[in-house]
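Subject: Structure handover

Hello,

Here is the structure we discussed, with my notes on the ligand site and the aromatic rings below it. Please read them with the coordinates open.

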Amino acid sequence: MTHSEILEWLREENPACIKALYARADAVRLDHVGDEVHLRGLVELSNHCRRSCGYCGLRAPHTRLRRYRLGRDQALACAREAVERGYGTVVLQAGEDPELSGPWVADLVRRIKGETGLAVTLSLGERTDAEYALWREAGADRYLIRFETSNEDLFRRIHPPHPRERRGRVAILRRLRELGYEIGSGSLVGLPGTSYADLARDVALYRELDLDMIGLGPFIPHGATPLGEVRPSRPGEEQAPNTEEMGYKMLALARLVCPDANIPSTTALAVLNEEKGYAAGLQRGANVVMPNLTPPDVRSLYEIYPAKAVVHGVGESVDALAQRIQAIGRCVGAGRGDSPRYRRANAAD
Ligand code: 5AD
């Protein structure tokens with residue numbers, strides 16, 4: 001798809017045409033990754049963060065937020081819970097927390113890999129090459145780090161660099177791929193300062209990076225951040241809206257440009273539409289759901305954006321989730337749910 005074709009879809013307002021886009025994405029999803037919905041248990045290890053991202057509620061200057069960090073045994077218990085629920089993957093996510101040291105994380109990964117058959121996905125922010133390599137050696141399979149926006153000027157403004165980490169996230173993703181990880185990235189939809197053309201370039205970057213996983217969702221303002229007070233954008237403006245619909249359009253386009261990728265129906269969609277968000281995402285290109293396995297007593301503290309922890313879309317009970325998946329004619333995926341690109345590349349070894 002060309003830049004102008006992508007742009008046209010993003011600006012499309014005719015409901016019948018938008019429906020046709022969703023149907024096409026759904027057909028490509030069926031053709032390439034089938035009807036299986038893979039479940040990844042999400043464990044939010046720590047809400048400590050050394051960064052000051054303008055959009056995120058975990059930013060270091062948000063000093064009113066009570067901080068927590070799970071211990072090794074708590075994290076292991078969450079991984080066991082993933083096994084009991086029949087999930088194929090555990091995702092270990094955290095703010096950029098230096099106390100989650102390279103060796104500590106490596107030890108946790110090794111224990112999970114030793115004890116369970118789970119695929120392990122890490123999402124721990126911008127770390128050193130040595131740490132990425134150590135974790136890969138420990139057995140980590142995948143790494144998620146969203147580039148957030150392909151607009152580099154905007155990214156620099158809302159994401160003050162860390163003094164010792166000056167590489168961009170695209171460079172990090174390329175390095176992670178070299179290390180043998182399945183790589184996941186994505187962007188925020190409707191971040192203040194992004195135009196429609198920026199979103200079209202985000203889609204092109206998914207393609208260019210040939211992502212194994214694409215995570216994206218509408219930007220949801222958080223009151224304790226510099227970007228928390230923005231007014232909602234109006235249709236027709238250059239500013240791309242952070243609406244549910246724009247989220248679905250981006251998801252559908254992501255599926256069209258990366259037909260083999262694993263694409264979650266994200267919590268941000270469920271926050272905007274608690275009743276239908278997850279299912280709608282699955283019907284517009286997504287094939288993954290990430291139920292939250294973070295211990296309930298700290299879950300509300302992982303507040304990247306408001307209401308994130310209170311949606312009960314998924315994860316409450318294994319059966320309820322399976323029923324929701326079956327209700328839309330899909331089935332719960334078996335196994336690890338590796339990306340087809342990754343499986344092909346490894347089969348060739
Ligand atoms: N609204 C929606 N998503 C957000 N994220 C961070 N802040 C927000 C927000 N205010 C997303 C980022 C990050 C992921 C873990 O959460 O894309 O990579």
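A polar contact here is a pair of N or O atoms within 3.5 Å. Please keep in mind that the model is predicted.

Glu-148 places a polar side-chain atom 2.5 Å from a ligand oxygen. For Arg-146, the distance from an N or O atom of the side chain to an oxygen atom of the ligand is 2.8 Å. The ligand taken alone exposes 410 Å², and the protein buries 87% of that.

The residues around the ligand are Tyr-55, Cys-56, Arg-146, Glu-148, Leu-188, Pro-218, Phe-219, Ile-220, Ile-304 and Tyr-305. By class, this shell has 8 nonpolar residues, 2 charged ones and no polar ones. Arg-146 and Glu-148 are the charged members, because Glu and Arg count as charged.

Aromatic pairs

Searching the whole structure gives 5 aromatic pairs. One of them is Tyr-132 with Tyr-143, an edge-to-face pair with 5.0 Å between centres and 75 degrees between planes. This pair links distant parts of the chain: Tyr-132 belongs to helix H5 (residues 129-138) and Tyr-143 to strand E4 (residues 142-144), 11 residues apart. Tyr-132 counts as buried because its relative accessibility is 0%. Tyr-143, also at 0%, counts as buried too.

A further pair is Phe-147 with Tyr-206. Their ring centres are 5.9 Å apart and the planes meet at 40 degrees, so the pair is classed as tilted. Phe-147 sits in the loop between E4 and helix H6 (152-158), while Tyr-206 is in helix H8 (residues 196-209), so the pair ties together parts 59 residues apart in sequence. Phe-147 is buried at 3% relative accessible area, and Tyr-206 is buried at 0%.

Ring pairs also join Tyr-132, Trp-135, Tyr-143 and Tyr-181 into a cluster.

Charges over rings

Tyr-181 has a charge over its ring as well: the charged end of Arg-136 sits 5.7 Å from the ring centre. Elsewhere, Arg-11 lies over the face of Tyr-196, 4.4 Å from the centre of that ring.

Regards

Technical notes: Residues numbered from 1 in each chain as written. Predicted model: local features only at pLDDT ≥ 70, side-chain atom pairs only at ≥ 80, totals over all residues. Heavy atoms only, no water. Near = heavy atom within 4 Å. Polar contact = N/O pair within 3.5 Å; in protein donor to acceptor, adjacent residues only side chain to side chain. Areas by Shrake-Rupley, 256 points an atom, 1.4 Å probe, with all protein chains shown as cover. Phe/Tyr/Trp six-rings, centres within 6.5 Å; stacked < 30°, edge-to-face > 60°. Helix = DSSP H or I, 4+ residues; strand = E, 2+ residues; numbered from the N terminus. Buried < 20%, exposed > 50% of the residue type's maximum accessible area, 1.4 Å probe, protein only. Lys NZ or Arg CZ within 6 Å of the ring centre and 35° of its normal.
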